[in-house]
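Welcome, and please open your viewer beside this page. We will go from one selection to the next, with a short note on what to look for at each stop.

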Amino acid sequence: MTAAYELLAETLNARGVDVDAVADALRAQVVETPSWAYGNSGTRFAVFAQAGVPRDPFEKLEDAAEVHRHTGVAPSVALHIPWDRVDDFAALRAHADELGVRLGAINPNLFQEPEYKLGSLCHPNGAVRRQAVAHVVECIEIAVEPAPT
């Protein structure tokens, strides 16, 4: 430990903070990263392409595994559908397992389609509501799909 850390620990302990308990809690934390964080970034107005950006969810998981390898606290990746839709989610889960990460939350994208301009699940048009519900059901089916054996 550095002298600065020792000084900080001493100061916090003097204030009644159990520095060892705080350190243990920090080591135990788990962060789920969103898949979109591994893609091209931008704003609501534009997306800015960058070299080396993952081209598909499999490559996003490879980047996520690298983040987890360096941090030790990011073992799962939240997928966003339709952006992360693949033909074989069992294969994607197997790929995640091989990399030492796992698929986390499966998030439905209920804002991007033009039909959702006035909402999705509460849209005034019943057809749009049904479309949104079908998308949520699809995401639930992806989430509960058994892992490969």
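The tour below visits a sheet, a core, a pair of helices and a few single residues.

**Before you start**

This is a predicted model, in which local features need pLDDT of at least 70 and side-chain atom pairs count only at pLDDT 80 or more, while totals for chains, interfaces and linings use all residues. Residues are numbered from 1 along each chain as its sequence is written, and side-chain values use heavy atoms, with hydrogens and water left out.

**Stop 1: the sheet**

Switch to a cartoon view. Helices (H or I, at least four residues) and strands (E, at least two) are DSSP runs, numbered from the N terminus. Select strand S1 (32-34), strand S4 (76-81) and strand S5 (102-108). They form an open sheet of three strands in the order S1-S4-S5, with parallel pairing; two strands pair if DSSP finds at least two bridges between them. S1 and S5 are the edge strands, each pairing on one side only. On average, neighbouring strands of this sheet are turned by 30 degrees against each other, direction ignored. As background, strands of a sheet pair through backbone hydrogen bonds, either parallel or antiparallel.

Now look at the pairings of S4. With S1 there are three bridges, and proline 34 has alanine 78 in S4 as its bridge partner. With S5 there are five bridges. Serine 76 stands opposite arginine 102 in S5, and histidine 80 has asparagine 107 of S5 as its bridge partner. Axes here are lines fitted to C-alpha atoms, for helices over the stretch in contact, and angles run from 0 to 180 degrees between N-to-C directions.

**Stop 2**

Show the side chains of S4. Are they buried or exposed? Ser76, Ala78 and His80 point one way, Val77, Leu79 and Ile81 the other way, and all are buried. Buried means under 20% relative accessible area, exposed over 50%, and partly exposed in between (1.4 Å probe, protein chains only).

Most peptide bonds are trans. The bond from isoleucine 81 to proline 82 is cis, with omega near 25 degrees.

**Stop 2: the nonpolar core**

A nonpolar core is a set of buried Ala, Val, Leu, Ile, Met, Phe, Trp, Tyr and Cys residues joined through side-chain atoms within 4.5 Å. The largest one here has 16 residues, and those with the most contacts inside it are Leu61, Leu79, Ile81, Phe89, Leu92, Leu103 and Ile106.

Centre the view on phenylalanine 89, in helix H4. Because its relative accessibility is 6%, phenylalanine 89 counts as buried. Its contacts (heavy atoms within 4.5 Å) include Leu79, Asp84 and Ile142. Phenylalanine 89 and isoleucine 142 are 53 residues apart along the chain, yet their C-alpha atoms are separated by 7.2 Å.

**Stop 4**

With a relative accessible area of 18%, glutamate 59 is buried. Leaving aside residues up to four places away in sequence, glutamate 59 touches Val53 and Pro54.
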